[in-house]
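Please look over the sequence and the structure before reading the points below.

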Amino acid sequence: DEKHPSLQHFDHVLFHHPHLGIEDAQLHKRFLLHFFHAAASRWMKPNGGLLYLTLVKGQCERWVCISGAERHGLVLLRRSNFCPPP
């Protein structure tokens with residue numbers, strides 16, 4: 001009995017370089033709050049799973065990502081600089 005993929009929970013959720021096409025920190029903050037809610041409540045396995053979010057330098061602070069993620073029960077495990085492949 002296979003579930004439809006949209007109804008399953010995943011071990012890993014990845015979101016690389018989200019951007020709405022305009023420079024509006026408040027709008028991006030709200031967008032990511034909705035993303036964190038969806039990831040934590042619908043996509044990730046309960047009590048497990050990892051979310052990977054790749055941002056450009058400074059976006060994490062401008063968009064208030066860490067406290068936004070914490071509001072939805074997510075915990076920062078690691079933060080590092082993005083190194084694109086050569």
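The structure is a predicted model. The protein chain contains 3 helices and 2 strands, and from the N terminus on these elements follow the order β-α-β-α-α. The mean pLDDT of the chain is 90.

**Confidence**

- In the protein chain, 92% of the residues reach a pLDDT of 70 or more.
- Confidence is highest in helix H3 (residues 65-70), with a mean of 97, and lowest in strand E1 (residues 12-16), with a mean of 93.

**The chain as a whole**

- The C-alpha trace of the protein chain spans about 45 × 35 × 25 Å along its principal axes.
- The protein chain has 86 residues, of which 22% count as buried.
- Among the contacts in the protein chain with a separation of 6 or more, 69% are between residues 24 or more positions apart.

**Helix H1**

- Helix H1 covers residues 25-43, which amounts to 19 residues.
- From its first C-alpha to its last, helix H1 reaches 25 Å, a value close to the 27 Å expected at 1.5 Å a residue.
- At the N-terminal end, H1 is capped by Asp-24, which places a side-chain oxygen 3.2 Å from the backbone nitrogen of Gln-26.
- The buried residues of H1 are His-28, Leu-32, Leu-33, Phe-35, Phe-36, Ala-38 and Ala-39.
- These buried residues of H1 pack against both strands, E1 and E2, and against helix H3.

**Residue Thr-54**

- Thr-54 is located in strand E2, which comprises residues 50-54.
- Thr-54 has a relative accessible area of 12%, and it therefore counts as buried, since the cut-off for that class is under 20%.
- A polar contact of 2.6 Å joins the side chain of Thr-54 to the side chain of His-16.
- When neighbours within four places in sequence are left aside, Thr-54 is in contact with Phe-15, His-16, His-17, Pro-18 and Phe-82.
- Of these contact partners, Phe-15 and His-16 fall within the range of strand E1 (residues 12-16).

Note on methods:
Residues numbered from 1 in each chain as written. Predicted model: local features only at pLDDT ≥ 70, side-chain atom pairs only at ≥ 80, totals over all residues. Heavy atoms only, no water. Helix = DSSP H or I, 4+ residues; strand = E, 2+ residues; numbered from the N terminus. Buried < 20%, exposed > 50% of the residue type's maximum accessible area, 1.4 Å probe, protein only. Polar contact = N/O pair within 3.5 Å; in protein donor to acceptor, adjacent residues only side chain to side chain. Contact = heavy atoms within 4.5 Å. pLDDT = per-residue confidence, 0-100. Expected span 1.5 Å × (residues − 1).
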